[in-house]
Amino acid sequence: MNKYLIHGKTSGDFAAAMLNKPQNRLEILQPFFDSFNITVHEFVFTSGIDFNFVSVLGCETDESIEAMVNIVYST
């Protein structure tokens, strides 16, 4: 299984939602990752300016990761 390092920046809406209604977001997103056969190894928040989270994902194909990333970017 290949490992991928993904980094990005969450929105202010995400931060507000986590404060107003804290919950395990991975449980909600797990079916999405499962549909691409992606395993989440790590997901950590940082205090960075350009990006504020880093995740390590496992997947068999580059195409599945690319498809997942494109869907995330389009939302």
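The structure is a predicted model, in which local features need pLDDT of at least 70 and side-chain atom pairs count only at pLDDT 80 or more, whereas totals for chains, interfaces and linings use all residues. Residues are numbered from 1 along each chain as its sequence is written, and side-chain values use heavy atoms, with hydrogens and water left out.

**Overall layout**

- The chain holds three helices and three strands, which follow one another from the N terminus in the order β-α-α-β-β-α; helices (H or I, at least four residues) and strands (E, at least two) are DSSP runs, numbered from the N terminus.
- The C-alpha trace spans about 35 × 25 × 25 Å along its principal axes.
- Of the 75 residues in the chain, 21% are buried, where buried means under 20% relative accessible area, exposed means over 50%, and partly exposed lies in between (1.4 Å probe, protein chains only).
- When contacts between residues at least 6 apart in sequence are considered, 60% join residues at least 24 apart, a contact being heavy atoms within 4.5 Å.

**The largest pocket**

- The largest pocket contains about 890 Å³ of space, and among its 26 lining residues the closest to the centre are Leu29, Phe33, Phe43, Phe53 and Val72.
- On a 1 Å grid over the protein atoms alone, a pocket is an open set of points with protein on both sides within 12 Å along at least five of seven lines, unlike a cavity, where a 1.4 Å probe fits but cannot get out; lining residues have an atom within 4 Å of a point.
- Grid points are joined across faces, edges and corners, and the volume is the space filled by probe spheres set on the points.
- At least two lining residues come from each of β1 (2–8), α1 (12–20), α2 (25–35), β2 (39–45), β3 (53–59) and α3 (62–74), with α2 giving the most, namely five residues.
- The lining comprises 16 nonpolar, eight polar and two charged residues, where Ala, Val, Leu, Ile, Met, Phe, Trp, Tyr, Cys and Pro count as nonpolar, Asp, Glu, Lys and Arg as charged, and the others, Gly among them, as polar.

**Helix α3**

- The 13 residues of α3 reach 18 Å from the first C-alpha to the last, close to the 18 Å expected at 1.5 Å a residue, the expected span being 1.5 Å times one less than the number of residues.
- Ser64, Ile65, Met68 and Val69 are the buried residues of α3; seen down the helix axis they fall within an arc of 130°, so they line one face of α3, the arc being that of the directions from the axis to the C-beta atoms.
- These buried residues of α3 pack against β1, α2 and β3, while the face turned away from them carries the exposed residues Glu63, Tyr73 and Ser74.
- Ser64 has a relative accessible area of 19% and, leaving aside neighbours within four places in sequence, is in contact with Phe36, Ile38 and Cys59.

- Leu57 lies in strand β3 and is buried at 2% relative accessibility; beyond neighbours within four places in sequence, its contacts include Tyr4, Ile6, Val40, Ile65 and Met68.
- Asn37, in the loop between α2 and β2, is partly exposed with a relative accessible area of 49%, and its phi is near 55°, a positive value in a residue other than glycine.
- Most residues other than glycine have a negative phi.
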